[in-house]
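Me: I would like to learn how to read aromatic ring contacts in a model. Please give me the general idea each time, and then the case at hand.

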Amino acid sequence: FFCINYASGDEYHILSCTRPLAEKAVFEHCYVKLVQGNRILDSRGFFQDAGSIQEPSPFMFFGKCMEAKSNATLDDWMKVTNAYDKYAPKDYSVTSKNCCSVAYEALREIMKSVPSNITDANSSIGTRCKS
């Protein structure tokens, strides 16, 4: 598990994360996390079978997280989760509405530039044409 240490444990941080889809998968799953210090407070992922849900096992796979927004607010997190919650499982498309494209759209609700781990995941499938 990739861990980020912060000087202040009181601040909220929103992280953009990727992890293998399975233990040794070539493809990556994109999701976002809300952390305070080294504690995960919440997370959000988008899945073909479940839609927008809390990331089921943030510690199960070795993933990589990048800071998307420091000094985030709970209002920022609400915007992120609302963006995720717009989509149902039926909206899922491997090429256009996948876990990475939804993470991208959610992060764009609170920032102009999305971290490269989201835009580069899976050879940019689903995020290539985003601007």
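Me: Which residues form one aromatic cluster here?

Reply: This is a predicted model, in which local features need pLDDT of at least 70 and side-chain atom pairs count only at pLDDT 80 or more, while totals for chains, interfaces and linings use all residues. Residues are numbered from 1 along each chain as its sequence is written, and side-chain values use heavy atoms, with hydrogens and water left out. Rings of Phe, Tyr and Trp (its six-membered ring) pair if their centres lie within 6.5 Å, and planes under 30 degrees apart count as stacked, over 60 as edge-to-face and the rest as tilted. By this rule there are two aromatic pairs, and Phe 46, Tyr 87 and Tyr 92 form one cluster.

Me: Is Phe 46 buried or exposed?

Reply: Buried means under 20% relative accessible area, exposed over 50%, and partly exposed in between (1.4 Å probe, protein chains only). Phe 46 counts as buried because its relative accessibility is 1%, and Tyr 87 is likewise buried at 17%, whereas Tyr 92, at 22%, counts as partly exposed.
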